[in-house]
Amino acid sequence: LQKLPHMLSRFATVPAARTRVLSSLAAAVLRPGSPVAPPAKPVQIRGRPFLPDGANPRFPEFMASAREEFPKVFSAQGDLSIPEWGGVTRELMDEYLHQYGVILLRGLPLQGSADFGLFMKAVGWRLKDKTAYLRAIQARSMTSTVVNDAVRTASDDHRNYTIEPHNEFHTVGCPRYITLYCETPAEEGGEWPTGDSRAILAQLDPEVVAKFERLGARYTVFYEHKDNAFYNCWQGNVAPTKEACEKYLKALNYEFKWHEDGALSYWQNFPAIRVHPKTGERVWFNQIHAHHETFYKGAHPLFVDKPAEFDRYPVHTTYGDGTPMEREVLDHIREVIWKNCVAVPTQAGDVIVYDNWLAKHGRMGSFGDGPARKVYV
Ligand SMILES: [Fe+2]
């Protein structure tokens, strides 16, 4: 008899979990919104300056416009506090994000990065322990700035540079979700290229997928010592001392090597395909293309003029056995990704939430001398 309430409660939770729906408050204030409109001007991909592998003739000339439900748009309408908006947003994401892959929220009353931080804490993903997020994201390989204990700038890299669509990956602990907030859109460009990973996996050559599934991929990160750095350095992005770096890398199972001039390389293998934790589907969740040296080589403004023999790029990927990826395989992966990306022009106040395992995010380069685009993560 003592066990009976416990046994009954187990049965009671099963149907409730299956039929979970939004609370009446969330359903009332977060309503399906109009699909994302096409950009005012077509978004050039092929031949675009400062885009990784931009001269590739297989790339589409322009990016597709958003589809009816990719990203799915919800419109915020109601008089709620920012923490309350975070609470209803969490409900919405728990219910729908794995279905749509990407959700764009328009109309939230966020006025800058402090509001965005409050909002994200109320959403509550991995931010309950306020240091967990910053700890997990400290060693991301690009350049960004801590704004508050829940928010960073999305990227401080040169505004002309296009950050090709990618999954946030090993350097930040392979997060389940990525949330971006636009405070100030770019004068021209700066769209969010948004990739449908389900379609990408379906269109990739099965032999390419099978080889990566068999071998995995090896991800190598390279940081200069701060005295030699013209981009990032390990003191800034990983830890201030060699001892602290090694402690961090060992805790995360990386192998590493110190170069004679004080630079640091570290590497680890990761699978190319994973099982989605919520839906159980196989997903192309990796960073094989955007962790390849060509992410910088010939594309990034600080690396575009490097001579052919230069080999100190911040990132590189190979097959898991260390053999180089064939050029046509890399081209094929990028081509399929761009063909399954849609352009999401940014509006001030937009919050876009990616299921990081189901969708790819990035940033189109922006142009013009006006105020800089301000986007936070
Ligand atoms: Fe990213």
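How many salt bridges does the count come to by this rule? The count is 18 salt bridges, each a side-chain nitrogen of Lys or Arg within 4 Å of a carboxyl oxygen of Asp or Glu. The model is predicted: local features need pLDDT of at least 70, side-chain atom pairs count only at pLDDT 80 or more, and totals for chains, interfaces and linings use all residues. Residues are numbered from 1 along each chain as its sequence is written, and side-chain values use heavy atoms, with hydrogens and water left out.

**View 1. An open five-strand sheet with mixed pairing has the order S2-S17-S10-S19-S7.** Strands (E, at least two residues) and helices (H or I, at least four) are DSSP runs numbered from the N terminus; strands pair if DSSP finds at least two bridges between them. S2 (64–65) and S7 (163–166) are the edges; each has a single partner strand, so one side of each lacks a neighbour in the sheet. Two bridges join S7 to antiparallel S19 (residues 359–363). Ile 163 has Arg 363 as its bridge partner in S19.

**View 2. Arg 58 and Glu 335 form a salt bridge (2.8 Å, N to O).** Arg 58 lies in the loop between S1 (30–32) and S2, and Glu 335 in helix H10, so the pair ties together parts 277 residues apart in sequence. Arg 58 is partly exposed at 35% relative accessible area; Glu 335 is buried at 12%. Buried means under 20%, exposed over 50%, partly exposed in between (1.4 Å probe, protein chains only).

**View 3. Lys 72 meets Glu 69 in a salt bridge (3.3 Å, N to O).** Lys 72 is buried at 11% relative accessibility. Glu 69 is partly exposed at 39%.
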